[in-house]
Amino acid sequence: MIKSITRAIKYIYTIAPSFLLLAFCILSSCSSRLPGQGPGDNTGQAMQAAAWVTNPDKSQLFSKQSPDLIITNASVALPTIEVDMNQTYQVMDGFGYTLTGGSAQLLYEMKPAARAAILKELFDTTGNNIGVSYLRVSIGASDLDDHVFSYDDLAAGQTDQQLQHFTLNEDRKHLLPVLKEILSIYPRLKILGSPWSPPVWMKTNHESMGGSLLPQWYNAYAQYFVKYIDSMKAEGITIDAITIQNEPLHGGNNPSMVMQANEQADFIKNHLGPAFKAADIHTKIILYDHNADRPNYPISILNDAQAKPYIDGTAFHLYGGTIDALTSVHNAHPEKKLYFTEQWIGAPANFEGDFNWHVKTLLIGAPRNWAVNVLEWNLAADANQNPHTPGGCTKCLGAITIDGNQITREPAYYIIAHASKFVRPGSVRIQSTLPGGLVNVAYKTPAGKIVLIVLNDTGIKQAFQIKLNGRFLIAMLEKGAAGTYVWEG
């Protein structure tokens, strides 16, 4: 009988997918009330799971499927993803993007109604909006600002040990107004700040690009972070965490700075950590913020007994190395958190390839290797991938492309949407098996829902079933497609 059911299902998937759920219920005698339904559920309805799907040919782009998938107590002979709520891992902080200065500038220059509409779509948690819950911002300029600046720029040869000239005025032009508008939509947004360079008078080469932090300015630079956090707080913006230096082993960007592991350890344990403690600042301190090919960098700092107490965790990018390097850091220091803070998509986009790699490696792979967030680089650019600094990234594709008041949604928009809408902050990653080619990650949300994100990497159109607590639902994904499945736990 089971073989007959399976053959029928596969046939229906080939010729008429829309009839699959009805056919399955007829063949397997779906009950109107199934074992495992919640107490007091006397609606007479079979349990259902909602599904949102993106196909690599763009025929569906984060589209809700209709009808919902029906959950039954009958299993069939299909590849099975088994979800186990009892085996839990890390608590998630959220999913999102970097709001670069250039992104903020483009948003700010939109007409207010158009800007309000796209910000609601991005950050609101209701309706068809995607509920982005985490942003990274630059402390001073990143390479995707239209010019280089810090918060304490001086004439050549001048210094400012007491930081009397510190000001957020550059951020007041675009970044702060846009952030405040976002926070009015989603006040619980987590914000991570990352510097690309300190003021040039603190550096060995006195240039925005490259160089290192002069030891004589370690204390002043620690106070620079304190002033930044306090100044943002005065603007009504809470900085949840900071990293010490964006890409500390890459001095070729503009702006940038090189900071070796021993220098970062010294800065944290002898300067920044004590400065935060003295100022009663609870903003998290995150290490590294660079590629997965050097897990020894954060491990060496976490091995330092004086530095470790000040450190919340380690941030990674993936322009080098493999995503499982995050697990090596977790295994060395399991009490410290892991963050995934940046990955670009180059223009022009290759939707099929970009979507597949980012969903498999980052959206699914990073959390399966203990990351508590996943951030794409960056939120917005124009049609020519502007603005950027001289020497900054010229091919960085935004999650959205802004042309005046017109919005084009790019691959990173859909990549993040598959998690951000449903895997809300506080969700716990739970165990799920990995049948061949069905790459996935599962969560239990604070509201008690189960969320499963699946990428069909089998190379063919694939039917499969999902099992939880002795109940089953059947789904199907096109080759290279991703689905997010949501149901009551």
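Thr 98 is part of strand 5 (residues 94-98), where strands (E, at least two residues) and helices (H or I, at least four residues) are DSSP runs numbered from the N terminus. With a relative accessibility of 1%, Thr 98 counts as buried; buried means under 20% relative accessible area, exposed over 50%, and partly exposed in between (1.4 Å probe, protein chains only). Leaving aside residues up to four places away in sequence, Thr 98 touches Ser 103, Arg 136, Thr 341, Glu 376, Trp 377, Asn 378 and Leu 379, a contact being heavy atoms within 4.5 Å.

The structure is a predicted model, in which local features need pLDDT of at least 70 and side-chain atom pairs count only at pLDDT 80 or more, while totals for chains, interfaces and linings use all residues. Residues are numbered from 1 along each chain as its sequence is written, and side-chain values use heavy atoms, with hydrogens and water left out. The mean pLDDT of the protein is 92, and 91% of its residues reach 70 or more; pLDDT is the predictor's confidence in each residue, from 0 to 100. In residues 1-44 the pLDDT is below 50, and this stretch has 62 contacts in the model beyond near neighbours in sequence.

The largest nonpolar core contains 117 residues. Such a core is a set of buried Ala, Val, Leu, Ile, Met, Phe, Trp, Tyr and Cys residues joined through side-chain atoms within 4.5 Å. The residues with the most contacts inside the largest core are Tyr 97, Leu 99, Leu 179, Tyr 228, Ile 242 and Phe 267. Helix 7 (residues 218-234) gives the most to this core, contributing 10 residues. A second, separate core has 24 residues, including Met 47, Leu 69, Leu 452 and Tyr 485. Among the residues touched by Ile 242, when those up to four places away in sequence are not counted, are Ile 139, Leu 192, Phe 225, Ile 229, Leu 272 and Lys 284.

In helix 10 (residues 325-332), the buried residues are Ala 325, Leu 326, Thr 327, Val 329 and His 330. These buried residues pack against helix 9 (296-302), strand 10 (313-317), strand 11 (337-342), helix 11 (351-368) and strand 12 (371-376).

Side chains of opposite charge can pair when their charged atoms come close. A search of the whole structure finds 16 salt bridges, each defined as a side-chain nitrogen of Lys or Arg within 4 Å of a carboxyl oxygen of Asp or Glu. One of them joins Arg 136 and Asp 289 at 2.8 Å, N to O. This pair links distant parts of the chain, with Arg 136 in strand 6 (residues 134-139) and Asp 289 in strand 9 (residues 284-291), 153 residues apart. Both Arg 136 and Asp 289 are buried.

Lys 284 forms a salt bridge with Asp 240, with the closest N and O atoms 2.8 Å apart. Because Lys 284 lies in strand 9 and Asp 240 in the loop between helix 7 and strand 8 (241-243), the pair ties together parts that are 44 residues apart in sequence. Asp 240 counts as buried at 15% relative accessibility. In the salt bridge between Glu 488 and Lys 449, the closest N and O atoms are 2.5 Å apart. Glu 488 lies in strand 21 (residues 482-488) and Lys 449 in strand 18 (residues 449-456), so this pair ties together parts that are 39 residues apart in sequence. Glu 488 is partly exposed, at a relative accessible area of 41%, and Lys 449 counts as partly exposed at 31% relative accessibility. Salt bridges that share partners join Arg 136, Asp 289 and Glu 342 into one network.

The count of aromatic pairs comes to 21. Rings of Phe, Tyr and Trp (its six-membered ring) pair if their centres lie within 6.5 Å; planes under 30 degrees apart count as stacked, over 60 as edge-to-face and the rest as tilted. The rings of Phe 225 and Phe 267 have centres 6.2 Å apart and planes at 50°, so the pair is tilted. Phe 225 lies in helix 7 and Phe 267 in helix 8 (residues 261-278), 42 residues apart, and both are buried. Tyr 288 and Phe 316 form an edge-to-face pair, 5.6 Å centre to centre with 75° between the planes.
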